[in-house]
Amino acid sequence: MKFKLTNLRCLLRKRLSLVIMRMIIFLLCTSVFSLTPKTTFSQEKVMINQDQLVTVDEVFNIIQQQTNYHFIFPKRFFKNAPSILLEKGEILVVNLLEKSLQNSNLEFEVDENNTILIKKLENSSLNQNKITLKGKVFDSNGVPLPGATILEVGTNNGVASDISGNYSISVANDATVEISFIGFQTKKIAVAELTYYTNVDITLFEDVNALEEVVLTGYQTLSKERTAGSFEKVEAKLIQQRPSSPNIIDRLNGQVAGLNVDPSNNSFQIRGRSTFLFGEGNPLIIVDGFPLADQVNFESINPEDVENVTILKDASASSIWGARASNGVVVIVTRKGAKNKPLSIDFSSFVEIENKVDLSDMNWLSTSQEIDLDNEFIDKGWVNLSGVANGAASINDLHLAHIYRAGLSPDGNTWSQNTFDNYVNELRTRDITKDWEKYLLRNSLRTTYNLSISGGGERNSFFGSLSYTNKLDQSIGEKNDRITMNLRNVFDFNDKVSFTAGMTAALRNFDENGLVGSFNFSDSNPAQMAALAQPYDRLVDENGQYVQNYYNWNPWASQDREALLGVPHTFNYLEEQRNRDVSRTLVDIRANFQLDVEVLKDLVLSSSFSYERNTNDLDDFNNMTLPSHRNLINDFYVGGTYGLPRGSEYLQERTYTKGWIFKNTLTWDKSWTDHDLTVFAGTEYSKRFTELSRNRKFGY
């Protein structure tokens with residue numbers, strides 16, 4: 001069989017062309033069908049006919065009109081979205097979407113059904129740690145607020161809005177931002193909850209309470225903007241930060257700028273003393289609209305009952321209270337109930353413990369150093385031992401030892417150098433401060449219990465409280481307790497007539513039998529005796545018995561007096577403290593009543609009356625077991641006769657202060673849109689009495 005070569009070549013050429021054609025068609029089909037929606041989407045373009053500013057919704061409409069794609073997204077995503085500037089010409093859809101979603105926490109995703117899904121980023125923290133918030137701050141009327149504070153909570157990162165209310169701040173993507181402005185309610189926004197970080201506009205609403213802040217002068221209530229003088233208001237939450245002190249002034253110490261408290265003499269000043277006259281430096285104290293009859297009787301006020309305190313700092317308060325207010329005014333308002341409130345019962349208790357004084361912290365000379373110093377004075381001849389021995393004054397143990405060694409003793413006794421050295425060395429081992437700490441000092445303990453009830457109905461409100469405080473002072477023998485009661489009721493007869501009644505009572509008991517820091521227990525001037533106490537003196541011996549000393553006269557004169565009278569003429573501090581019997585009772589009662597009648601619209605007549613009475617009763621009982629009293633009686637024995645009756649003494653002091661005030665005010669308070677006018681007229685009548693009675697009785 002034969003093949004023709006030309007026919008074979010033709011056949012091969014046809015088959016090769018067919019194979020190539022099939023391969024091209026296969027590759028073309030593969031390329032076409034292998035394209036994903038995202039691949040084709042990335043090439044999609046839309047035409048912008050002109051430069052324009054559009055919303056995000058309008059951007060989506062343009063894309064949907066010119067392509068086969070449609071969108072799925074929550075409508076709230078773009079509620080505050082900024083407008084987008086589009087320029088004339090073609091633009092890729094991808095670029096257009098990225099431009100629309102920039103500076104937000106949104107992203108888009110395209111599926112096989114030509115659907116564009118708009119959703120929030122799942123891991124925004126992985127994309128950026130810091131974002132920039134931009135926007136404006138407005139009030140409720142749409143007026144920009146310049147100077148508003150925008151602060152990243154928990155940091156010092158903050159900015160203020162400019163003159164147009166604009167702000168820009170860089171914060172963490174999970175931060176909370178606080179926006180505040182004086183007179184407006186503070187607002188917080190969580191960055192994670194935002195969709196867009198630009199155009200974050202904030203609307204602040206007026207803080208009604210702040211705008212209606214008032215200043216209580218004790219005589220009237222003024223709005224803050226109508227007050228000319230300087231003032232400062234302290235609310236109850238600040239007063240409660242120091243719950244241990246029963247003194248309201250102590251609780252204000254450190255809370256008010258310009259208020260200086262001196263706890264040593266129970267006085268205080270506002271912006272320093274305004275007069276050189278002694279006793280005229282304290283500010284005026286006003287409680288519930290009335291001055292205290294006893295202006296230093298701070299502890300008759302229970303701090304737990306105080307609602308707020310307003311400090312009027314300058315002399316402008318004199319226009320209200322006269323010359324008494326030249327040092328400032330402290331206006332105290334006590335708590336009241338609230339209408340339409342169910343019965344509320346509050347109870348609190350606290351304990352205060354204070355360590356006793358460590359006398360070693362005083363950095364005094366040691367006993368040995370004191371002895372060396374005294375010896376130096378004697379060795380240099382600065383002490384006249386002969387004059388000391390022949391004088392009538394008391395002689396300490398070291399000087400007495402020098403007198404015996406020098407042979408100057410009136411009784412003829414003389415010590416050898418060895419006896420003297422042994423005695424002085426034994427004195428060096430003593431320390432009077434240890435005895436004082438052990439027998440005359442202790443840890444201070446104060447316990448307080450407070451109970452209050454409050455509530456009210458449709459036409460009345462009531463408040464009542466009962467408080468008890470007990471304190472053991474650091475000085476043994478000093479203790480006190482206090483019980484206070486407060487009742488206040490407000491009753492509205494109708495919309496025009498209201499009646500307020502209040503009563504406060506306080507009962508305080510004091511035992512004043514301590515020695516440390518209080519040497520006023522006798523007319524024999526124990527303060528001078530205290531100055532005679534030496535570091536080597538002792539209160540008790542090794543057997544716990546009182547160690548007696550001659551503090552009034554020299555030992556020889558004292559021994560002669562003892563032989564004459566047959567009773568000791570010695571003194572011991574511990575014996576003195578244990579035999580003291582001094583007590584004091586204070587009773588404080590305040591009552592006030594007020595009737596408010598709206599005579600005409602906006603015209604209110606207020607008539608109020610206050611009565612106060614304070615009593616201070618001292619009972620001081622001294623008998624012959626009290627060393628200071630016994631020595632005083634013995635000192636007045638002259639020529640075989642006692643100048644003072646020998647036996648017990650009972651001192652009784654009765655002091656009281658009372659005052660009443662009758663006050664009437666007529667107030668017209670009319671408000672317009674841009675004006676506020678108040679007309680005030682009033683009268684005040686007051687009368688105060690102070691009487692001191694002292695009775696001293698002696699008996700066997």
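In the predicted model, helices α12 and α13 are roughly antiparallel to each other, because their axes cross at roughly 175° and angles over 145 degrees count as roughly antiparallel. Helix α12 comprises residues 397–406, and its axis comes within 10 Å of that of α13. On the side of α12, the contact is made by Asp-397, Leu-398, Ala-401, His-402 and Arg-405, while α13 contributes Gln-417, Phe-420, Tyr-423, Val-424 and Leu-427. Sorted by class, the residues of this contact are 6 nonpolar, 2 polar and 2 charged.

Helix α13, which spans residues 417–428, also packs against helix α10, formed by residues 367–379, with the two axes 8 Å apart and at an angle of about 135°. The helices α10 and α13 are therefore oblique to each other. From α10, the residues in contact are Thr-367, Ser-368, Ile-371, Asp-372 and Asn-375, and these meet Val-424, Leu-427 and Arg-428 of α13. The contact of α10 with α13 has 3 nonpolar, 3 polar and 2 charged residues.

In total, the structure holds 17 salt bridges.

A further feature concerns the surface, where a nonpolar patch of about 920 Å² is made by Leu-343, Ile-345, Phe-347, Tyr-449, Leu-451, Ile-453, Leu-466, Tyr-468, Ile-483 and Leu-507. The elements that give two or more residues to this nonpolar patch are β24, covering residues 341–354, β25, covering 444–456, and β26, covering 460–472. Phe-347, one of the residues that make the patch, is found in strand β24.

Terms used. Residues are numbered from 1 along each chain as its sequence is written. This is a predicted model: local features need pLDDT of at least 70, side-chain atom pairs count only at pLDDT 80 or more; totals for chains, interfaces and linings use all residues. Side-chain values use heavy atoms; hydrogens and water are left out. Axes are lines fitted to C-alpha atoms, for helices over the stretch in contact, and angles run from 0 to 180 degrees between N-to-C directions. Helices (H or I, at least four residues) and strands (E, at least two) are DSSP runs, numbered from the N terminus. Angles under 35 degrees count as roughly parallel, over 145 as roughly antiparallel, 65 to 115 as roughly perpendicular and the rest as oblique. Contact means heavy atoms within 4.5 Å. Ala, Val, Leu, Ile, Met, Phe, Trp, Tyr, Cys and Pro count as nonpolar, Asp, Glu, Lys and Arg as charged, and the others, Gly among them, as polar. Patches are made of residues with over 30% relative accessible area and no salt bridge: like charges are joined within 9 Å, nonpolar side chains (Val, Leu, Ile, Met, Phe, Trp, Tyr) within 5 Å. Accessible areas come from the Shrake-Rupley method with a 1.4 Å probe; for residues, only the protein chains shown count as cover. A salt bridge is a side-chain nitrogen of Lys or Arg within 4 Å of a carboxyl oxygen of Asp or Glu.
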